[in-house]
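Please read the points below with the sequence and the model side by side. They are meant as a colleague's note, and each point can be checked on its own.

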Amino acid sequence: MHYENLEEQCQKLRQLSFTILAKNLQDASLLAISTPAESLQKSLLVLEEILYEIYRLEMHTEPKLKNVRMLLNNRSFVAQIHPRRIYLLMNLIHKMTSHTSNDIVEAKAAKIVLDYLSDIVEWFMKRYDRSFKSNRMSSHVTELPSIFDKNILQHEQSQEAYEHAVKWFEVAAQNGDASAQYNLGALYNHGRGVERDYRLAKMWYERAATQNDANAHYSLGVLYHLGQGVIQDYLEAARHYQIAADLENADAQYNLGVLYNQGLGLSQNFNEAAKWYTLAANQGNTSAQNNLGFLYHNGTGVEQSYDKAVAYFKMAALTGDASAQYNLGYMHLKGRGIPQNQEEAAKWFHMAALQDHVNAEFQLAMLYNTGQGMIEDHIEALKWFKLAAHKGHLNAQYCLGLLYEKEQNLVSAEKWLLLAADNGHISAGFELGRLYVYQLQDPAKAMSYFRSAAEKGYADAQYELGLLLTSGNGVPINYKEAVKWWRAATDQSHIQAEYQLGLLYEQGLGVALNLEEARRCYRLAAIQGHTGAQYQLGNLFDKGKGVEQDYTEAAKWIEQAASQGHMKAQYQLAQMHIHGQGVPKDFAKAAQLYRLSANQGHQKAQFQLGMLYKKGHGVAQDYQEATRWLKKSLEEIK
């Protein structure tokens, strides 16, 4: 933000007698840091005043209301605002002065708005000053676009202006003027001032093209590219784009790059794509700049360079290209070609999101949700997730479902997870299954979603599907199928599935009883910290099941499980200390372990602890404490 430039603009505005405008601009500048909310309001007043003055100037009357939204929605008036970038900046300022939520966001927005406002003020002063230096037509005569305008659709016009233009272009086109022939084709192509007619559009484009009109060749390329009024023909599109591109038409250069990039009608050639994107980008084509940034990002057709990718993304982003703003935000987020800066990422995502860029809305929601680059704000996160979700963004729908589930709004959680899952989002299907099993108590509905995710290789879904098939909870028990899915999950090193598979092998459920295979499964899970597997493995050695009895090895594994709070392991280890099996005989240690297990509700541990108090083994003899624990053990039996 260049304050010297703003001060200079304020002085020029005063010279042009716009004193109130100058005062509001100066206030917006001075308040940007100290009170950004007031700065934003002052900026909005500046925009309002400029729109009002431009309306009086161009429409030769005063607007009914001095209202930014109303003026920006007036199509006849907006048609007079060009270049288009200025209109876009006006819209961005209007949105950014209306969509702020906290001091940090307002401070960023105030600075960005001032940058945009400076461009608009500069444009306004030149436009206003020029209007008094030129001899304007009478206010009673409607201005018509020049019949020699290279592209009548470059600036939006009123319907009446288009109808007048058609008449003039027809006269000039019949007389062989190439620009008129092209513009007449454009009007038929887009249905401006006439009914849309691709056949007539093509005819006039072809007449202009015979005179080597670059715009006509480009437009013919578009017709063939999209199959509008002709059979879609990428090769013919490429031929016309090539002619127009050689005549330095930037849009044709860009579209030719697209055909090479995607291999449409031409052999895919990233080098050629990069070449044409570069030529178009150098002429200011923002789409080409953005796509060229992609090529440099991926090293496709050019030498990989995050620095150059950032340069091209920024080039397009600064002119208001939403996709480039999103991409630049992503580069800041990841720290690619530029220092990682989550605040900058948030700024660019916000600008793109204000232009309804769905991926930017999602990324902005993620930053609000995690508090990265801005103050954590779940209400703002929810708002942006909703905007993206309503546009069909699957990850946004998924995240929205998870947020609602966290808030225990299960109806909304089900709605959004269902929407994402039915459109192929695997994680959403898995979470929906869990919602049905653990929250909505409807396991039968979970089956199809778990199965769908499991079949796509989602290990957690394979595990949950196995649990559902062995639970008998609303679904017929099927141990064999459970074995199939748990094996699939263990192929992806799923620890819990490894443990469950061990249980089935130990009990011979769905498979032939195989204690050696059970021990193998338990060990794989146990060494990765699974407490149940540690206990079961220790138990095999303790009981000598499928292996030579080994109390020392049993104690090693049971002690690991006990230290992680496993109730049965704590009881078992206490028993081993009582009898001195694999560990030193130690009543005090046994009492300690019984207490840990007893406090978790283990009935036998409660009974044994009561007996230790009764006999005074490992603890001071205490009949009252003994009675308490013995009674508690009886309550657990009930």
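1. For rings of Phe, Tyr and Trp (its six-membered ring), a pair requires centres within 6.5 Å, and planes under 30 degrees apart count as stacked, over 60 as edge-to-face and the rest as tilted.

2. Before going further, please note that this is a predicted model, in which local features need pLDDT of at least 70 and side-chain atom pairs count only at pLDDT 80 or more, while totals for chains, interfaces and linings use all residues. Residues are numbered from 1 along each chain as its sequence is written, and side-chain values use heavy atoms, with hydrogens and water left out.

3. The chain averages a pLDDT of 89, and 93% of the residues score at least 70. Where pLDDT is low, the predicted coordinates should not be read in detail.

4. How many aromatic pairs does a search of the whole structure find? The search finds 14. One of them joins Phe362 and Phe385, a tilted pair with 5.9 Å centre to centre and 50° between the planes. This pair links distant parts of the chain, since Phe362 is in helix α19 (residues 358-370) and Phe385 in helix α20 (residues 378-390), 23 residues apart. Phe362 is buried, with a relative accessible area of 9%, and Phe385 is likewise buried, at 0% relative accessibility; buried means under 20% relative accessible area, exposed over 50% and partly exposed in between (1.4 Å probe, protein chains only).

5. Arg207 lies over the face of Trp204, at 4.6 Å from the ring centre, and Arg628 lies over the face of Trp629, at 4.6 Å from the ring centre.

6. Is helix α9 largely enclosed by the rest of the structure or left open? It is largely enclosed, because 12 of its 13 residues are buried, among them Tyr182, Leu184, Leu187 and Tyr188. The buried residues of α9 pack against α8 (159-174), α10 (198-209) and α11 (214-226). The length of α9 (residues 178-190) can also be checked: at 1.5 Å a residue it should span 18 Å, and its end C-alpha atoms are 18 Å apart, which agrees, the expected span being 1.5 Å times one less than the number of residues.

7. At its start, a side-chain oxygen of Asp177 reaches to within 3.1 Å of the backbone nitrogen of Ser179, and just after α9, Gly191 takes a positive phi of about 65°.

8. Most residues other than glycine have a negative phi. Asp356, however, has a positive phi near 70°; Asp356 is placed in the loop between α18 (342-353) and α19 and is partly exposed, at 48% relative accessibility. Gln408 also has a positive phi, of about 65°, and is found in the loop between α21 (394-406) and α22 (410-422), where Gln408 counts as partly exposed at 48% relative accessibility.

9. Leu57, in helix α3 (residues 36-59), is buried at 13% relative accessibility, and its C-alpha is 9.5 Å from that of Arg127, 70 residues apart in sequence. Lys445, in helix α24 (residues 443-455), is partly exposed at 42% and touches Glu414 and Tyr436, not counting residues up to four places away in sequence. Thr490, in helix α26 (residues 479-490), is buried at 15%.

Methods:
Helices (H or I, at least four residues) and strands (E, at least two) are DSSP runs, numbered from the N terminus. A charge sits over a ring if NZ of Lys or CZ of Arg is within 6 Å of the ring centre and within 35 degrees of the ring normal. Contact means heavy atoms within 4.5 Å. A polar contact is a pair of N or O atoms within 3.5 Å; within protein, one must be able to donate a hydrogen and the other to accept it, and residues adjacent in sequence count only if both atoms are side-chain atoms. pLDDT is the predictor's confidence in each residue, from 0 to 100.
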